[in-house]
Amino acid sequence: MAGGIAWQIATVTAITDETPTVRSFTLTVPDWPGHRAGQHIDLRLTAEDGYSVQRSYSIASAAAAGTIDITVERIDDGEVSPFLHDVVVVGDRLELRGPIGGYFVWEPALDGPLFLVAGGSGVVPLMAMVRERERARVETRTRLLFSSRHYEEIIYREELDRLAASNRGFEVIHALTRSRPDGWMGYDRRIDDRIIGEVLEPLGSRARVYICGPTALVETAANAMLRLGLPPDRVRTERFGPTGT
Amino acid sequence: MTDARDEDPVERHVVDGNALAGELQMIFGADMTNVPGQCVHCGTVSAVAQLRAYVQAPGKVLRCPSCGGVVIRVVETPDATYVDVRGAAYLRIERR
């Protein structure tokens, strides 16, 4: 993989609302080398007085998409996400570097069924894997266990439902931790050992696991996987904190 | 229904080595997240991505997930980057 990564100017070419507080931005750079599902970019904003802030955002688009989609949750007291949500419009230019990361990545050639576990916007790098799996037309059995607070806050809900309905070995299992619509059939609590065991069971111990979300969720899920006998080298994790957005 | 870590002012900001991937790639010229390193304090070998990252400070600190010892510190000043890897017995960077 290429060594250096330089800052470059990207153009915002599309903005899409995902939920009331989450929005996706499509970024285009002149010579994007392509990325691997699970990688991220660093975004840098610089004020006129030279003050600069930097954030990492996972890439949501499939590896061969040619463009970079990032999905950003608006954090009211955040420094960067309110700017992206309230100020940035199509045509604006932003400074980024990437693609970054080689640990939390998946490629269609990897063996074994896939078990993806997401909490909130931790779904973003996993969505790149789901989209890449679809783009490459591999039928690797894949289960996404996705924890959100409320039904309305489920990021990519319609696309996930559509992919699951196409019945090519992809399933999504939701957990809603705060409120649930009437007749809710999914899990109604935070992800715990029992949920992990139930969702893992049909995939077996050859599953390849990617977990992304807040630290507490990542540790609960990762520890459960190890207790259930998965080898540590098949369990990959990425933690994000409240500052990640 | 909150985890104790959600409330702790320091622990709730802990992420992992993935969060320093960009800085480390700038410094080392290669992706470092997949690089195994040995903690000098306890001997545990972890990928850089697996180290605990404390990033809410003037410097960024990567700690061993097993013993909590400091493995790598990165401090950026206006004109230079300081990298302290005293806490790593080694980092195993593959030649390509």
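What is the accessible surface of chain B, and what share of it belongs to carbon and sulfur atoms? In this predicted model, the accessible surface of chain B comes to about 5,300 Å², of which 50% belongs to carbon and sulfur atoms.

**Figure 1. Overview of chain B.** Chain B comprises two helices and eight strands. Read from the N terminus, its elements follow the order α-β-α-β-β-β-β-β-β-β. Of its 96 residues, 39% count as buried. Among the contacts in chain B with a separation of 6 or more, 45% come from residues 24 or more positions apart.

**Figure 2. The open sheet of chain B and the helix packed on it.** Five strands of chain B form an open sheet in the order β1-β4-β5-β6-β7, with antiparallel pairing. Strands β1 (15-16) and β7 (80-84) of chain B each have a single partner strand and stand at the edges, so one side of each has no neighbour in the sheet. Helix α2(B) packs on this sheet and touches β5, β6 and β7 of chain B. The direction of α2(B) makes about 80° with that of β6(B). Within the sheet, strand β5 (residues 59-63) and strand β6 (residues 70-77) of chain B run antiparallel and are joined by five bridges. In this pairing, B:Val61 stands opposite B:Arg73 of β6(B).

**Figure 3. Salt bridge between B:Asp84 and B:Arg73.** The side chains of B:Asp84 and B:Arg73 meet in a salt bridge, with an N to O distance of 2.6 Å. The pair links distant parts of the chain, since B:Asp84 belongs to strand β7 of chain B and B:Arg73 to strand β6 of chain B, 11 residues apart. B:Asp84 has a relative accessible area of 16% and is therefore buried, whereas B:Arg73, at 35%, is partly exposed.

**Figure 4. Surroundings of B:Cys39.** B:Cys39 is found in strand β2 (residues 36-39) of chain B. Its relative accessibility is 3%, so B:Cys39 counts as buried. Apart from neighbours within four places in sequence, B:Cys39 is in contact with B:Thr44, B:Cys64, B:Cys67, B:Val71 and B:Gly87. Between B:Cys39 and B:Asp84, 45 residues apart in sequence, the C-alpha to C-alpha distance is 13 Å.

**Figure 5. Nonpolar patch on the surface of chain B.** The patch is formed by B:Met26, B:Ile27, B:Phe28, B:Val83, B:Val85 and B:Ile93, which together have about 430 Å² of accessible area. Helix α2 (residues 21-28) of chain B gives the most to this patch, contributing three residues. B:Phe28 has its place in helix α2 of chain B and is partly exposed, with a relative accessible area of 32%.

**Figure 6. Salt bridges of A:Arg149.** The side chain of A:Arg149 meets that of A:Glu73 in a salt bridge of 4.0 Å, N to O. A:Arg149 lies in the loop between β8 (142-148) and α3 (157-165) of chain A, and A:Glu73 in strand β5 (residues 68-73) of chain A, so the pair ties together parts that are 76 residues apart in sequence. The side chain of A:Arg149 also meets that of A:Glu153 in a salt bridge of 3.0 Å, N to O. A:Arg149 counts as partly exposed at 33% relative accessibility, and A:Glu153 is partly exposed at 25%.

**Figure 7. A salt-bridge network with residues of chains A and B.** A network of salt bridges links A:Asp42, A:Arg97, B:Glu23 and B:Lys60. Over all chains, the count comes to 29 salt bridges.

Note on methods: Residues numbered from 1 in each chain as written. Chains lettered and ligands numbered in written order. Predicted model: local features only at pLDDT ≥ 70, side-chain atom pairs only at ≥ 80, totals over all residues. Heavy atoms only, no water. Patch = residues over 30% accessible without salt bridge, like charges linked within 9 Å, V, L, I, M, F, W, Y side chains within 5 Å. Areas by Shrake-Rupley, 256 points an atom, 1.4 Å probe, with all protein chains shown as cover. Helix = DSSP H or I, 4+ residues; strand = E, 2+ residues; numbered from the N terminus. Buried < 20%, exposed > 50% of the residue type's maximum accessible area, 1.4 Å probe, protein only. Pairing = 2+ DSSP bridges. Contact = heavy atoms within 4.5 Å. Axes fitted to C-alpha atoms, helices over the stretch in contact; angles between N-to-C directions.
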